[in-house]
Amino acid sequence: MQKYILAIDQGTTSTRAILFDKDSNMIAVAQKELENYYPQPGWVEQNANDIWASTVGVMIEAVAKAGIREEQIASIGITNQRETSVVWDKQSGQPISFAIVWQSRQSDAYCVQLKQEGKEAWIREKTGLLLDPYFSASKLRFLLDHVEGAQQRAENGELLFGTMDSWLLWKLTKGKCHMTDVSNASRTMLMNLHTLDYDDELLKLWNIPRCMLPEIRDTSEVYGMCSGLFDVDIPIASLVGDQQAALFGQTCFAAGNVKNTYGTGCFLLMNTKEHIIHSQNGLLTSVGWRIGKKTDYVLEGSVFVAGAAIQWLRDGLQILKKSSESEERALAVDDSAGVYVVPSFTGLGAPYWKPKVKGAMFGLTRGTKQEHIIRATLEALAYQTNDVLNAMKEDSGLEIKRLQVDGGASLNNYLLQFQSDITQASVIRSTISETTALGAAYLAGLAVGYWKDQEEICSHFQASHEFVPNMEASQREELLTGWKRAIHAVMQF
Ligand SMILES: Nc1ncnc2c1ncn2[C@@H]1O[C@H](COP(=O)(O)OP(=O)(O)O)[C@@H](O)[C@H]1O
Ligand SMILES: O=P(O)(O)OC[C@H](O)CO
């Protein structure tokens, strides 16, 4: 009987379920959009019940679309938007409030206070993370402080905390499994990177009762059975943060392998194997995955606005009808005519971490056309990626000769060629666009023997296109000098 792996990709804007076969082909895809709520400026929330409902919906739809029998599903993998936090009642299974999304800044005051108390370096050494409301700890603190009676109920063992992997696992196993994996736990700011367990000093600092936290497990193992949804019980065999899943899906298994996902923002991850590298250049250190007690760590740099800048050209400036049109419009001019766009609309992320910086455009003349601005905006995605790659090279001491890419904006050939030219590295786009779901599928398949090992998985990787550097060194230097001046200028403004 032909078998398949069902991957759930629970993202910020949608939930997807994808069935893969043994050759990594996508057999069926189902997707449901999700509502984000913005109750106050800078706050972003989601309804965890909607996330659960969307997950059930896409799982059933994907299996129906594929026309397979449920017993043909060898295992289920879950990958998820990371850091987004929810607390629920153990008895009723109801969330005590909306989930706080990773982008939300509502718990910033806790981080500011801890910075003032001089705790940043100490937290960084333990967790590899910067003191920022991006991570789960301050979000959980916020929930326990703002929902009446929550702290006491948590201490009594009545409430449970989870990121979306834990929430979905708990729901799919009908409350039997309250677990997470090391990759997700490494983004909570409660786990110690060295021990891979919750850190008592951090729990004390944030005043979080350990009993409400999910058990930390491997990234690829059978945690429990999905029961009640289908006629047969199906093992759930991977939990993994979405950026780490993409790294796995891109088969970046060796030290120094790097992937970049060009979505709304850009997420760059480098596999550093067993080495915990503490960045001197504004990057984060997290766990990639742990399989059979072997842990791979990663260095990570996030660019907050990437594809979102193209959306701004489309919806804000209205100089594009569709994002995909940006390629031909950029190619309609010979160059960007000295225009630089710095799309730091929500501050600058890695490697600068300047949350208050605004965006800017430089080098405008009477002859500047829409096409120059479009081209310069695409180039900004490549310059920002290049800045993170330089930080990665410096921190790891490794050369980066190859960058594997995915995400919506990676369909833009002009962008990828320019990336290759500026970075002087091969830029490789895989034939499989859904690398995040594929990574979760690989991890779930490995756990049940569907695929034998990483070597077998590597043999599935196929580049759809490879972009190689093709720019004079002098031109490259000149362009990079202009970008540095532009970045410097926005930070001074
Ligand atoms: N051909 C393209 N050129 C440039 N940007 C694009 C192109 N296609 C999509 N995008 C951008 O990519 C983003 C969507 O990518 P996606 O990976 O779906 O993002 P996310 O997972 O963050 O929602 C959008 O911001 C869109 O503007
Ligand atoms: O939902 P995505 O794909 O934008 O990913 C969100 C990241 O995991 C946040 O850290």
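## Gln 40 and its loop

In this predicted model, Gln 40 lies in the loop that connects strand 3 (26-33) with strand 4 (45-46). Gln 40 counts as exposed because it has 10 C-beta neighbours inside 10 Å, and the limit for an exposed residue is 12 or fewer.

Six strands form an open sheet in the order 3-2-1-5-14-13, and their pairing is mixed. Strand 3 and strand 13 (220-226) are the edge strands, each pairing on one side only. From one strand to the next, the twist averages 25°.

Strand 1 (residues 4-10) and strand 2 (residues 14-20) run antiparallel and are joined by six bridges. Ile 5 has Phe 20 of strand 2 as its bridge partner. Helix 9 (residues 242-249) packs on the sheet, where it touches strand 1, strand 5 (73-80) and strand 14 (234-241). The direction of helix 9 makes about 100° with that of strand 14. Helix 14 (residues 435-447) lies across strand 1, strand 2, strand 5, strand 13 and strand 14, and runs at about 135° to strand 5.

## Surroundings of the ligands

Ligand 1 is surrounded by 17 residues, the closest being Gly 263, Gly 307, Gly 408, Ala 409 and Asn 412. By class, this shell has four nonpolar, twelve polar and one charged residues. Helix 10 (307-316) and helix 11 (326-331) each supply at least two of its residues, and helix 10 gives the most, with four residues.

The residues around ligand 2 include Gly 11, Arg 82, Trp 102, Asp 242 and Gly 263. Its shell divides into one nonpolar, seven polar and three charged residues.

Definitions and conventions: Residues numbered from 1 in each chain as written. Chains lettered and ligands numbered in written order. Predicted model: local features only at pLDDT ≥ 70, side-chain atom pairs only at ≥ 80, totals over all residues. Near = placed C-beta within 6 Å. Nonpolar A, V, L, I, M, F, W, Y, C, P; charged D, E, K, R; others polar. Buried ≥ 20, exposed ≤ 12 C-beta atoms within 10 Å, placed from the backbone. Pairing = 2+ DSSP bridges. Axes fitted to C-alpha atoms, helices over the stretch in contact; angles between N-to-C directions. Contact = placed C-beta atoms within 7 Å.
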